[in-house]
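Hi,

Here is the structure I promised to pass on. Have a look at it first, and my notes follow below.

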2 protein chains.
Amino acid sequence: MPRRPNSPSVRPEKRQPDGLAISLKQLAAHLELSTTTLSLVLNNAPSAKSIPKETKDRIFTAAKELNYRPNYLARSLRVQRTNTIGVIVPELSDGYSAMVLNGVESALSGDGFFYLTASHLHRDDLLETLPRVLVERQVEGIIAVDTPIRFVPNLPVVNVSGHEEIDGVTNVVLNHQHAAELGIGHLFNLGHRKIAVLKGQAFSSDTDIRWDTINEAARRRNVGIDPRLCSQLEGDSPSPEVGYLATKKLLATGVKFTVLFAFNDISAIGAIRALEETGLRVPVDVSVLGFDDVYAAAFYNPALTTIRQPLFEMGKIAAKTLLSKLSETVETDPPATINVEPTLIVRQSTSRVLD
Amino acid sequence: MPRRPNSPSVRPEKRQPDGLAISLKQLAAHLELSTTTLSLVLNNAPSAKSIPKETKDRIFTAAKELNYRPNYLARSLRVQRTNTIGVIVPELSDGYSAMVLNGVESALSGDGFFYLTASHLHRDDLLETLPRVLVERQVEGIIAVDTPIRFVPNLPVVNVSGHEEIDGVTNVVLNHQHAAELGIGHLFNLGHRKIAVLKGQAFSSDTDIRWDTINEAARRRNVGIDPRLCSQLEGDSPSPEVGYLATKKLLATGVKFTVLFAFNDISAIGAIRALEETGLRVPVDVSVLGFDDVYAAAFYNPALTTIRQPLFEMGKIAAKTLLSKLSETVETDPPATINVEPTLIVRQSTSRVLD
DNA sequence: TCGTTTTAGTAAATCGTTTTAGTAGCTATG
DNA sequence: CATAGCTACTAAAACGATTTACTAAAACGA
């Protein structure tokens, strides 16, 4: 995206001060007109067509001069629309949520919508209460990101990476069959047969389906995955450490493997650390396959081969879907599930098996 | 933080459905009482002490049964408080903002506050309009993160990593003198004298002060920084690529250096890629020093030596400061600037100079 | 000239709360 | 036995917009 450079320093006098808030009533008094007239003109309602241009201009200039800004609360209360949605994420710092959020925002900002963010931190109580609190705050809909649905509000809901089928909830999910095919296919073609897997944490929505589809794709090629070669991530830290620990556990079993299929890039990075500490070089001795394609993946050392998940787009799609649910002009319900496609990004962390 | 594991699957019948919203008026009609009484009881106002317990219980149970939730808009409009603040960030996906945001949220959530997020994407028009729009939405205060202030609303403002002194704006900033001392001191002690620097993008608040303090700390040790060994980051991508490109430019000049002090960890990662592509090993041939200590830093290969900036805490402090500005019980104004201290984290990307 | 339409507005209701300023009826007290 | 004080409530105003249902005057048409 091309950008013009900003002026590096802003002169203080360029900063605009703000007058005190003025209400429509005050503005009307100042103009000796009724609030009705002002409201009609300022929102250019159809019935304002009988108001002469001269009066309209008076209103507009006075509004600008006195810095009139409608009170969103009052307006929202009256028109029963807040142009606000709620977004529930596990935690903000994990990269995953931030990416999705970024997509959500990009779709929302054009339409004058804002969003309230809330993190549930995998806590049961928050999973119950957060949707209620958001409803209380009159959000028009909710986007949940990698979050189990405990409470279905009477509002449109879109769940990113949700896999439960719930009435009124649209799931935006990766095509996991395809993702597993890409990953296992790539490893198989490189000659790998002893595949270890880092399975996701129990609380992660994708854990089960990821594991199931990987297993299936492997079985389809007559390469069963040795149960001893599956290690589950534990703990909700967003750092690579969880992958490091899970890999250590894997190595401790002594069962040999030629490749490690990680649950995500972050855990793949931790895994590589664990492998190299044991004297295993990546990808010479062991290949490592990531998932997600976060920014760091391309620049890691070695650059990660990974299954790209279009998180930004998923957020964008989620927001657009929610908006279309909210606009009463759209009649057709969105499908219960919207699939997005993964991409295999081959870099340096996987290579052909030697023996 | 200890956590009990979640049940991995939730039985559908455990999901709570939501009844339609009911208003206070409806609830009052149902109980054959006035809305006044209900409001007094539900908010247990002092004047509700004359209401007998029996009536109170009737009200509470009916509210629970009919699932009454007060409309936050209406309440906010009446009491003139929204318990909502606005947060303006450059972009969500860069890790930096997400970390700060996480801290903000942690301080806010206990106090029943929520926040609206807006990204300015370094665009001049958004820098002007976003604060206004947030004011329109009746936020009670604004936290700006690494964001120049173009428009000072008539509200408490806290600027994380802001360096302009503006009336009514509190800056939460790193002690950059100390940070530069830690960094340059570390490099100096390792014998480095030819120091290259990756300077931040023009739009980043910390760029100038970081550069100035580093220069000063170097000069204090009689090691001037060769102007040809300073390369500025360009472009607003949050990926390591900007560091990669800036380092390539540095290498193209042919001027030798023994260490590279990067603007942040992300650009340090890009720098290492560029160095290794040229056949320079880190830290054997060139040391690299990062800044921030993001999650990836500890697990990068080589693990990054870096100056840790407590971003989570800075967000938390910013939010707490804003809240104290908002509570009229606190009389004393917070200081114009709040300093936080950096820490030097020594890992594998720096080593003693050989010659 | 009379009726209709258009022009240029306004009064009042409304959204869903909170809060101020009461009001009846009962009880205690000197 | 008057009155002060308490008990158990309520009517109505307010927050700041939007919207419905008007009106009075002017212009138009036949």
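A definition before the strands: two strands pair if DSSP finds at least two bridges between them. Helices (H or I, at least four residues) and strands (E, at least two) are DSSP runs, numbered from the N terminus. Keep in mind that this is a predicted model, where local features need pLDDT of at least 70, side-chain atom pairs count only at pLDDT 80 or more, and totals for chains, interfaces and linings use all residues. Residues are numbered from 1 along each chain as its sequence is written, while chains are lettered from A and ligands numbered from 1 in the order in which they are written.

Now β11(A). β11(A) runs parallel to β12(A) (residues 305–308), with 4 bridges joining the two, and G290(A) sits opposite T306(A) of β12(A). β10(A) (residues 259–261) is also parallel to β11(A), through 3 bridges; V259(A) has S287(A) as its bridge partner. Between β10(A) and β11(A) the chain passes through helix α10(A) (residues 265–277), in a right-handed β-α-β crossover (with the strands pointing away from the viewer, the path from the first strand over the helix to the second runs clockwise).

Then the DNA. Around DNA strand D there are 27 residues, and S23(A), L24(A), S39(A), A74(A) and S34(B) come nearest (near: C-beta atom, placed from the backbone, within 6 Å). Two or more residues each come from α2 (35–42) and α4 (72–79) in chain A, and from α2 (35–42) and α4 (72–79) in chain B. α4(A) gives the most, with 5 residues.

Cheers
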